[in-house]
Amino acid sequence: MTRTVVVTGSTSGIGLAIATAFAARADNVVINGFGDSAEIEAIRTSLEAAGGKVLYHPADMTRPEEIADLISTAADRFGGLDVLVNNAGIQHVSPIETFPLDQWDRIIAINLSSAFHTMRAAIPLMKAKSYGRIVNIASAHALVASPFKSAYVAAKHGILGLTKTAALELAEFGVTVNAICPGYVMTPLVARQIPDTAKARGMTEAQVKTDVLLKAQPTREFVKAEEVAALTLYLTSDEARQVTGTHVSIDGGWTAA
Ligand code: NAD
C-alpha cells in the first residue's frame, strides 16, 4: 500500500534519512525544512527514484498557519495523510542565566509546539480514515537532562507528554502515536553544538566528542540516522499497531545507566 507521509525537518540529518526510507518504499512523501533551493530540489528528485511522488513544502515550524498549510497541502495533493513524523528540531547550548530569550522561544516552538500544530491538523484526516501513524522524534534528552540545554531538554520532555496524550485520545481510531529517543547521531545539529559546548565546559572540541557526547553512550559509538529511520518504519508498520503511547530508545545504552 502506498502511504502519504509528512516528515518535518527532512532536508538534513535524521529527517532526511526517514524521508529516504519511506521514499524507498515508493510512498508519497512531503519533505520540509530549510536549505539551498537547488539542493532541496536535488533531494526531492532523487527521492522519487523508487516511484513514489515527493513534494517539498517550505513551512516554517515556528508558524502555525504555515504548519496547517503543510498538512492540508499533503492531504490535497495525495488524498489524505497516513504517516506524520515530527522531526524538525534545533539546539542551543548555554547556561540558564544567560540563555537568550529568543532561543528559548524558538526551541519550544520548533521542538515542541510544532508537533502540536501538525497533529491538530492531521488528526481529523487520520480519524476520517480510521488509520494513522504519528512518530515524534524526541531524544534521550526526553528522559534525562544535560546541563546547558534547558530549552531542548524541556521541549523534549514535553513531547513525551504530548505523545502519551495524543495516543490516549486516538487509541480507538486506528491511530498510534509514539516517540523515538535517539542518543547522539552525528548530524549538522550535533556538529554545530560542539564549539558551544566546548566553550561552556572549557574543553577542546575533541574532548567534547569523547568526554561529553560519546561518554554518555556506553557503546561509545554514534547512532546512525538510518537506524533511527528503520525504527520509524517499524513504528508505522502493521505489526506495531498495538504499540502506542510509548517511547523507544535508540541510544547505545545511554539511558540504561
Ligand atoms: P539537523 O540540523 O540535521 O536537521 C534539522 C532539520 O530541521 C533540518 O531539515 C532543518 O532545516 C529543519 N528545521 C530547523 N528549523 C526549522 C523550522 N523552523 N522549520 C522547518 N524546519 C526546520 O538535525 P538532526 O540532528 O537531524 O535532528 C533532527 C531531530 O532529531 C531533532 O528533533 C533533534 O532534536 C532530534 N535528535 C537529534 C539527535 C542527534 O544527535 N542528532 C539526537 C536526538 C534527537
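Sorted by class, the residues in the shell around the ligand are 16 nonpolar, 12 polar and 4 charged. Keep in mind as you look around that this is a predicted model.

The shell counts 32 residues, and a handful of them come nearest to the ligand: Ser-12, Asn-87, Tyr-152, Val-185 and Thr-187.

## Where the shell comes from

Four helices each bring at least two residues to the shell around the ligand: H1 (13–24), H4 (101–129), H5 (150–170) and H6 (188–201). Which helix gives the most? That's H6, with 4 residues.

Asn-87 has a polar backbone atom 2.7 Å from an oxygen of the ligand. Val-185 also uses its backbone, with a polar atom there lying 2.7 Å from a ligand oxygen. With Tyr-152, it's the side chain that takes part: one of its polar atoms is 2.5 Å from an oxygen atom of the ligand.

How much of the ligand does the protein cover? On its own, the ligand has 830 Å² of accessible area, and the protein covers 95% of that.

## A stacked pair of rings

Let's turn to the aromatic rings. To describe a pair of them, you give the distance of the centres and the angle of the planes. The count for this model comes to 1 aromatic pair. Its partners are Tyr-184 and Trp-254, whose ring centres are 5.2 Å apart, with 15 degrees between the planes. The pair counts as stacked because its planes are under 30 degrees apart.

Technical notes. Residues numbered from 1 in each chain as written. Predicted model: local features only at pLDDT ≥ 70, side-chain atom pairs only at ≥ 80, totals over all residues. Heavy atoms only, no water. Near = heavy atom within 4 Å. Polar contact = N/O pair within 3.5 Å; in protein donor to acceptor, adjacent residues only side chain to side chain. Areas by Shrake-Rupley, 256 points an atom, 1.4 Å probe, with all protein chains shown as cover. Nonpolar A, V, L, I, M, F, W, Y, C, P; charged D, E, K, R; others polar. Phe/Tyr/Trp six-rings, centres within 6.5 Å; stacked < 30°, edge-to-face > 60°.
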